[in-house]
Amino acid sequence: MKVWTMCLGEVSTNCYLLCNEKTGDCIIIDPAAEPERIRKTCDKLQTVPVAILLTHGHYDHMLGADSLRRSYQIPIYAEEHEEALLADSQWNLSGLWSMPYTLKADKTVTDGQILSLAGYSIQVLYTPGHTAGSCCYYVESEKTVFSGDTIFYRSVGRTDFPTSRTRALIASIREKLFVLPDDTVVYPGHGESTTIGDEREHNPAAPYCR
């Protein structure tokens, strides 16, 4: 597996291409903005997108989603509790910080569901807190988790937005992320990658997650 990172949009959101170099397929995770740049990167890597996965519905994680869906004729996946936020430009913050934008996912996912995409088994981890329908995508075979805005390098997601809940965020980190192996690589929605072991040791939220 190869993970290609693009930092996109006005708040430097990480968009990931999870690429299977054997099959030539890839998954687009959080197409933040600049869909043409994402398409050009796919062409450069000679990889073909088969799905779009959203970790949550804030505008800075999905502005490029619809354009890419239409270009590649592929489905958008989001956690089932995120449908209302995706459909509300105030809740998804686009109406406050950008042009109003809404989106409807083609498929909704639930906690523990296994997605078979691009030759990988990807487990959905429902991690509410940053938003009501935040989730992470765990690829156990590759010791990798895409955490969206639930957890960052030695930081955590904000909980002052619509549908956010601080206690839920802490519970999600404790029950869904800190139970993963220490050497699991964490690819967050913003900033640099980290590991579960490092965050369990150094994240400011760690004392509250024990």
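Seven nonpolar, four polar and three charged residues make up the lining of the largest pocket (Ala, Val, Leu, Ile, Met, Phe, Trp, Tyr, Cys and Pro count as nonpolar, Asp, Glu, Lys and Arg as charged, the others, Gly among them, as polar). This is a predicted model, where local features need pLDDT of at least 70 and side-chain atom pairs pLDDT 80 or more, while totals for chains, interfaces and linings use all residues. Residues are numbered from 1 along each chain as its sequence is written, and side-chain values use heavy atoms, without hydrogens and water.

Now for the helices, which are DSSP runs of H or I with at least four residues, numbered from the N terminus. H1 (residues 35-45) packs against H2 (residues 65-72) at about 45 degrees, their axes 9 Å apart; axes are lines fitted to C-alpha atoms over the stretch in contact, and angles run from 0 to 180 degrees between N-to-C directions. Pro35, Ile38, Arg39 and Cys42 of H1 meet Ser67, Leu68, Ser71 and Tyr72 of H2, contact being heavy atoms within 4.5 Å. Sorted by type, that contact has five nonpolar residues, two polar and one charged.

Key. Helix = DSSP H or I, 4+ residues; strand = E, 2+ residues; numbered from the N terminus.
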